[in-house]
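Have a look at the sequence and the 3D view, then read on.

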There are 2 protein chains.
Amino acid sequence: VTLFDPPAGEAQLPAAVLRVRMVVAYDGSAFHGFARQPGVRTVGGVLAEALERVLGHAVELTCAGRTDKGVHAWGQVVSFDAAADRFDPEQLQRALTGLCGPEISVREVTAAEPGFDARFAARSRTYRYTVLNRAVPDPFRRHLAWHVPEPLTPELLELACDPFLGEHDFSAFCRRPKTPPGSEPASLVREVLRAEWSALGDGLLRFEIEATAFCHQMVRSIVGTVVAAGHGRIRAGDIRGILSSGTRAAAPPIAPPHGLCLWHVAY
Amino acid sequence: VTLFDPPAGEAQLPAAVLRVRMVVAYDGSAFHGFARQPGVRTVGGVLAEALERVLGHAVELTCAGRTDKGVHAWGQVVSFDAAADRFDPEQLQRALTGLCGPEISVREVTAAEPGFDARFAARSRTYRYTVLNRAVPDPFRRHLAWHVPEPLTPELLELACDPFLGEHDFSAFCRRPKTPPGSEPASLVREVLRAEWSALGDGLLRFEIEATAFCHQMVRSIVGTVVAAGHGRIRAGDIRGILSSGTRAAAPPIAPPHGLCLWHVAY
């Protein structure tokens, strides 16, 4: 795939390149996560292939948060370079709507300032996690909410959020990335700006958490622990202990992916 | 499958039988409609098999509205007979929740008066049809709303509902059932009590229609025609003409099944 296809015989000039920013929603149940991978259907793969088809050149996508298999997004932000002479935001949005199918929806397409990077320019990410806390499940939310039949105590859920606020080493609440031989292990220090529950009625509970950045499986690890606290199986003091221990083994099991949604990214 | 399994040697006495009423919700995208059929996964088939497993005897289900493939229900009502000595409503609901999976949810289980029939005792049925009327689709509603990108005019949608109100022969807005040789064709006269649209914001439109009863594909036929009217392609006067013509050929195409939900049944 070339950046442009000059008429035969004409000299090949470097095309003017434009940085593009898109806001994307997707139903994670239809994909093996975001990151493009050969042989499996991923959000990044479907999006990049559609962009390459429309723009006629190779596309390298950067995203604000690499969501795992089964995790949804309402406000995922991606950035990439497009040949300036091929860029028409409305036409691109229409074409992607047709090509990416109903599982992915491109909510916004805009020209960004040069050098804008969806990952490194982000100031904070907000995730939502939905729990359905009642005996009877809801068939229409089975891909969107974690069904927890045993009653949760709202006060215990609230109290269990406190230990996570502020800057901590989240080693006990992350899946540690592999460190290549000879290099330093990546820091798992992150700053949580906000973590709160709201009751939406009919047993629906929503957890919203905002942090400068998240490490791998951090929200699902936190939710798994906070829900255990909501059942009285662990207390806020225990959570502080697990955080400072830095070992994942002591933490309760992580929450399933289908309740999680990347809600908003702030720049 | 027998009604009960007497210890070997004991005499087999007829068991006392109880009429049971359940309210059931399901995501129709996971099923080939309600009616039990060999070789395909249907709502009635999954429910009856689960009931037979729990109760230990054969179960014949009657439902208030036989929904088609892809059509959802929030308030489907079913009735059946259970051996009285095996009937415990709470235990039955818990067991069905486990056996029927997240696609079907049994919302209520109660003992009904003898002879209660979910179909013939119903005074009216209310269906909801959801349309997403905006350019950009919503991945989380792709199984629950018909995505209509071209703008609809609310006043035209409202006007197009009027011709359907009251008692009419709905031959032009139904799929006519096969008439067995030698018998009278079934009447397609039905009475529509209410038909209205509401705007829910973000392009979501909800059509709600209540009738004493519906014939096959009647709601989807009406919605297809009303939406054509909302685009200005047909007028209320034309709809009156199609109704009185009694021929389906003149009507616009029917709406897809995934926007439709059997919402409530009144007794």
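## Ground rules

This is a predicted model, so local features need pLDDT of at least 70 and side-chain atom pairs count only at pLDDT 80 or more, while totals for chains, interfaces and linings use all residues. Residues are numbered from 1 along each chain as its sequence is written, chains are lettered from A and ligands numbered from 1 in the order in which they are written, and side-chain values use heavy atoms, with hydrogens and water left out.

## The nonpolar cores

Let's start on the inside. A nonpolar core here is a set of buried Ala, Val, Leu, Ile, Met, Phe, Trp, Tyr and Cys residues joined through side-chain atoms within 4.5 Å. Buried means under 20% relative accessible area, exposed means over 50%, and partly exposed is in between (1.4 Å probe, protein chains only). The largest core has 76 residues, and B:M22, B:F80, B:F170 and B:F173 touch the most other members. Helix α4 of chain B (residues 218-230) gives this core its largest share, eight residues. Helices (H or I, at least four residues) and strands (E, at least two) are DSSP runs, numbered from the N terminus.

Take B:M22 as an example. Setting aside residues up to four places away in sequence, B:M22 touches a list of residues including B:L47, B:L51, B:F80 and B:V106; contact means heavy atoms within 4.5 Å. There is also a second, separate core of 75 residues, with A:V23, A:V77, A:L157 and A:M218 among them.

## Where the chains meet

How many residues does each chain bring to the contact? Chain B gives 24 residues and chain A gives 24 residues. Together the two chains bury about 1,800 Å², with 71% of it on carbon and sulfur atoms. Buried area is the accessible area (1.4 Å probe) that two parts lose on being put together, summed over both. Three residues, B:P139, B:F140 and B:R142, supply 35% of what chain B buries against chain A, more than any other three residues.

The rule finds two salt bridges across this interface, a salt bridge being a side-chain nitrogen of Lys or Arg within 4 Å of a carboxyl oxygen of Asp or Glu. B:R142 forms a salt bridge with A:D27, where the closest N and O atoms are 2.5 Å apart. On the side of chain B that touches chain A, the elements giving two or more residues are β1 (17-26), β3 (72-83), α2 (89-100) and β4 (104-111). Of these, β4(B) gives the most, with four residues.

## A few residues up close

Which way does phi go at Q217? Most residues other than glycine have a negative phi. Yet phi of A:Q217 is near 65 degrees, a positive value, and phi of B:Q217 is near 65 degrees too. A:Q217 sits in the loop between β9 (204-211) and α4 of chain A, and A:Q217 is buried at 13% relative accessible area. B:Q217 lies in the loop between β9 (204-211) and α4 of chain B and is buried at 14%.

A:R220 is in helix α4 (residues 218-230) of chain A and counts as buried because its relative accessibility is 11%. A:D202, in the loop between β8 (189-201) and β9 of chain A, is exposed at 67%.
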